[in-house]
Amino acid sequence: MRKEDCYLLGKITRRHGLAGNVILKLDTDQPELYNKLESMFVEINGLLVPFFIEKSSWSKNDALNLLLKNSTEAIVDQVLGKNVYLPLATLPKLSGKQFYYHEIIGFDILDQDNNNCGVIRSVNDQTAQNYFITNLDGKEVVIPIIKDWIMEVNREEKYIKTELPEGLIDVFLVPSKKDE
């Protein structure tokens, strides 16, 4: 399994008890989708290694207590602190204005007048306000992801139509080094 064909589910944060259990901290808005997790891929030394789950239970609202099949002390040591992935094919299909961040990379952002506001290069979800990072005429533009501003997500034609406040692009245009 290649990492490009997967999405980050979470991270194994610590041991739980002495029986070889580990805690998987989920990085998702819908942890309930993973209460019957049967297998997962753990990134070890840059490779995705499959692990099967013998037993799972909730540790907290966003963390699972997992017992890996054929778990040994060495295996637990190896997976601690590692990222966990699942295949993209396991994600439920979204429709309407909902989207996964990984699926909209390369989409155009259009304003209400169909002006191109840039091509989405990446999404920053590590801050309180998530935002698109786009490229417009060779310059980086940061556009906050605000649900009420999104009018349409067109997966076939690869664009997101938005209703951006007037002047927003000018405010969030990140100057290039040579412009400073």
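Domain 1 (3-90) and domain 2 (107-166) both contribute residues to the lining of the largest pocket, so this pocket lies between them. The domain bounds come from an automatic or database domain assignment. The model is predicted: local features need pLDDT of at least 70, side-chain atom pairs count only at pLDDT 80 or more, and totals for chains, interfaces and linings use all residues. Residues are numbered from 1 along each chain as its sequence is written, and side-chain values use heavy atoms, with hydrogens and water left out.

**Largest pocket**

- The largest pocket has a volume of about 1,300 Å³. A pocket here is an open set of points on a 1 Å grid over the protein atoms alone, where a 1.4 Å probe fits, with protein on both sides within 12 Å along at least five of seven lines. Grid points are joined across faces, edges and corners, and the volume is the space filled by probe spheres set on the points.
- Its lining comprises 27 residues, of which Asp29, Phe99, Tyr100, Tyr101 and Asp125 lie nearest the centre of the pocket; a lining residue has an atom within 4 Å of a point.
- Strand 1 (residues 6-16) provides the largest share of this lining, three residues. Strands (E, at least two residues) and helices (H or I, at least four) are DSSP runs numbered from the N terminus.
- By class, the lining of the largest pocket has 16 nonpolar, six polar and five charged residues. Ala, Val, Leu, Ile, Met, Phe, Trp, Tyr, Cys and Pro count as nonpolar, Asp, Glu, Lys and Arg as charged, and the others, Gly among them, as polar.

**Second largest pocket**

- The second largest pocket has a volume of about 190 Å³.
- Of the 14 residues that line the second largest pocket, Leu33, Tyr34, Leu37, Leu86 and Thr90 lie nearest its centre.
- Strand 3 (39-44) and strand 6 (83-87) each supply at least two residues of this lining, and the largest share, three residues, comes from strand 3.
- Ten nonpolar, two polar and two charged residues make up the lining of the second largest pocket.

**Domains and annotation**

- The C-alpha centres of domain 1 and domain 2 lie 32 Å apart.
- In an unreviewed entry, UniProt lists residues 102-168 as "domain: Ribosome maturation factor RimM PRC barrel". UniProt positions are given in the numbering used here, feature names are shortened, and annotations may be inferred rather than shown by experiment.
- The span 102-168 is 1% helix and 49% strand, and its end C-alpha atoms lie 24 Å apart.

**Aromatic contacts**

- Rings of Phe, Tyr and Trp (its six-membered ring) pair if their centres lie within 6.5 Å; planes under 30 degrees apart count as stacked, over 60 as edge-to-face and the rest as tilted. By this rule the count comes to two aromatic pairs.
- Phenylalanine 99 and tyrosine 101 form a tilted pair, 6.1 Å centre to centre with 40° between the planes.
- Phe99, Tyr101 and Phe132 form one aromatic cluster.

**Accessibility and separations**

- Phenylalanine 99 is buried, with a relative accessible area of 14%, whereas tyrosine 101 is partly exposed at 27%. Buried means under 20% relative accessible area, exposed over 50%, and partly exposed in between (1.4 Å probe, protein chains only).
- Valine 123 lies in strand 8 (residues 116-124) and counts as buried at 18% relative accessibility.
- Valine 123 and isoleucine 145 are 22 residues apart in sequence and 9.0 Å apart in space, C-alpha to C-alpha.
- Tyrosine 7, found in strand 1, is buried, with a relative accessible area of 11%.
- The C-alpha atoms of tyrosine 7 and isoleucine 150 are separated by 24 Å, with the two residues 143 residues apart along the chain.
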